[in-house]
Amino acid sequence: MPVRKYNKWNITAASLGTEELAHLEMVAAIVRQLTKGLSAEQLEEAGLAPYYVDHTAGIWPQAAGGVPFNACEFQCKGDVITDLFEDMAAEQKARSTYDNILRLVKDPEVCDPIRFLRAREIVHFQRFGEGLRMVQEELDSKNFYVCNPAFDPGCGK
């Protein structure tokens, strides 16, 4: 489908990608503020010894289970419906991670920015949903999942 049909959509890959990297930066800043000035012994008492061995007190993005952030976290099939569902799922995963953080942490200086980030994930989910709805409106409702309109001209018509 020609991109011009969707120029009314108010989210772009570039603006969203930039904002998501800013989310990562904000979380990294929070972690840095919480660990700044801690001794090796304090980090060890907090269960951060393995992290300290690899990164000292530097910020290295990784999952709570210790898996480092990498390009495998990004998913793209090149099919607009598949990719929008993937984007929506990613926003919900981030939102639920923020929910979990808010259940564990009570410090307002941590909770306030996490609540802000959580709210942004909800907005992103809604925007991707709007984009999905616009794409589906352009396709034959009986043919949502049969073909990729970017590569199969006339698909869904």
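Which residue does the side chain of E19 meet in a salt bridge? In this predicted model, the side chain of E19 meets that of R120, with a separation of 2.6 Å from N to O. Because E19 belongs to helix α1 (residues 13–35) and R120 to helix α5 (residues 108–138), the pair ties together parts that lie 101 residues apart in sequence. With a relative accessibility of 23%, E19 counts as partly exposed, and R120, at 24% relative accessibility, likewise counts as partly exposed.

The count of salt bridges comes to five, and one of these joins R95 to D99, whose closest N and O atoms are 2.4 Å apart. Both residues are found in helix α4 (residues 80–104), where, being four residues apart, R95 and D99 are separated by about one helical turn. R95 is buried, and D99 is buried as well, which means that each has under 20% relative accessible area. R95 and D99 are, moreover, linked together with R118 in a network of salt bridges.

D112 and R115 are three residues apart in helix α5, a spacing of about one turn of the helix. D112 counts as partly exposed, at a relative accessibility of 46%, and R115 is partly exposed with a relative accessible area of 46%.

Methods:
Residues numbered from 1 in each chain as written. Predicted model: local features only at pLDDT ≥ 70, side-chain atom pairs only at ≥ 80, totals over all residues. Heavy atoms only, no water. Salt bridge = Lys/Arg side-chain N within 4 Å of Asp/Glu carboxyl O. Helix = DSSP H or I, 4+ residues; strand = E, 2+ residues; numbered from the N terminus. Buried < 20%, exposed > 50% of the residue type's maximum accessible area, 1.4 Å probe, protein only.
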